[in-house]
Amino acid sequence: TRSQLQEKYFKRSFAEIYDICKKFYPAYEIEKAERNPKHKMSLVFKWYFGYTTQLALTGDPEERVNYQIHCGPSLGAFNQWVKGTDLENWRQRNVDKMADRIMAGTAEYLCHRYEAFLS
């Protein structure tokens, strides 16, 4: 697992990544990492989190397996909202179709709220 992570995903050793972390994180974080191997590993994985974001932003096709797009709970909410529609399968999603669905849904919601306000 260690070799696979370092060679296939991180493209550098844990030691090299930790050296990068030591330059980036404040002294108290590094001191904590020196005392606690789990914290040290968490810094390495936090580095990977940032690394994969940068890979996605630069769009290097060689690194496609490492792309990470951060979305939070809003993607789960969107998935629930489009369940049972033509957009349920993520492969069928295009930004224009999604934008149309969001704008139509918003317009419908606002109309209902406006009608309720007038009643």
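Is Lys22 buried, exposed or partly exposed? Lys22 is partly exposed, with a relative accessible area of 39%, and the legends below place this residue and several others in a model that is predicted.

**Figure 1. The whole chain is built from helices, with zero strands.** The predicted model has six helices, and reading along the sequence gives the pattern α-α-α-α-α-α. The C-alpha atoms fill a box of roughly 65 × 35 × 25 Å when this is taken along the principal axes. The radius of gyration of the protein is 22 Å, whereas a compact globule of 119 residues would have a value near 14 Å. Buried residues make up 20% of the 119 residues, and among the contacts with a separation of 6 or more, 30% are accounted for by residues 24 or more positions apart.

Figure 2. An α-helix has 3.6 residues a turn, so residues three or four places apart point the same way. Asp19 counts as partly exposed at 37% relative accessibility, and Lys22 is likewise partly exposed, with a relative accessible area of 39%.

**Figure 3. The buried residues of H2 line one face of the helix.** The buried residues of H2 are Phe14, Ile17, Tyr18 and Cys21. Seen down the axis of H2, these buried residues fall within an arc of 100°, so they line one face of the helix. What covers the buried residues of H2 includes H1, H3 and H4. Cys21, one of the buried residues of H2, has a relative accessible area of 1%.

**Figure 4. Glu63 and Lys11 form a salt bridge that links distant parts of the chain.** The side chains of Glu63 and Lys11 meet at 3.7 Å, N to O. Glu63 sits in the loop between helix H4 (37-58) and helix H5 (73-81), while Lys11 sits in the loop between helix H1 (2-10) and helix H2 (14-24), so that the pair is 52 residues apart. Glu63 counts as buried at 9% relative accessibility, whereas Lys11 is partly exposed, with a relative accessible area of 40%. The backbone of Lys11 can also be examined in this view, where phi is near 60°, a positive value in a residue other than glycine.

**Figure 5. Arg101 forms a salt bridge with Asp86.** The closest N and O atoms of Arg101 and Asp86 are 2.6 Å apart. This pair also links distant parts of the chain, with Arg101 in helix H6 (residues 95-118) and Asp86 in the loop between H5 and H6, 15 residues apart. Arg101 counts as partly exposed at 25% relative accessibility, and Asp86 counts as partly exposed at 47%.

**Figure 6. Glu29 is buried yet has no salt bridge.** Glu29 is found in helix H3 (residues 27-35). Side chains of opposite charge can pair when their charged atoms come close. For Glu29, the nearest side chain of opposite charge is that of Lys46, which is 5.5 Å away, and a salt bridge needs a nitrogen and an oxygen within 4 Å. When residues up to four places away in sequence are not counted, Glu29 touches His39 and Leu43.

**Figure 7. Trp90 is exposed in the loop between H5 and H6.** The relative accessible area of Trp90 is 57%, and Trp90 is therefore exposed, since the cut-off for that class is over 50%. Trp90 and Ala104 are 14 residues apart in sequence, and their C-alpha atoms are 19 Å apart in space.

Technical notes. Residues numbered from 1 in each chain as written. Predicted model: local features only at pLDDT ≥ 70, side-chain atom pairs only at ≥ 80, totals over all residues. Heavy atoms only, no water. Helix = DSSP H or I, 4+ residues; strand = E, 2+ residues; numbered from the N terminus. Buried < 20%, exposed > 50% of the residue type's maximum accessible area, 1.4 Å probe, protein only. Lys, Arg positive; Asp, Glu negative; His and termini not counted. Contact = heavy atoms within 4.5 Å. Arc of directions from axis to C-beta. Rg over C-alpha atoms; globule rule 2.2 N^0.38 Å.
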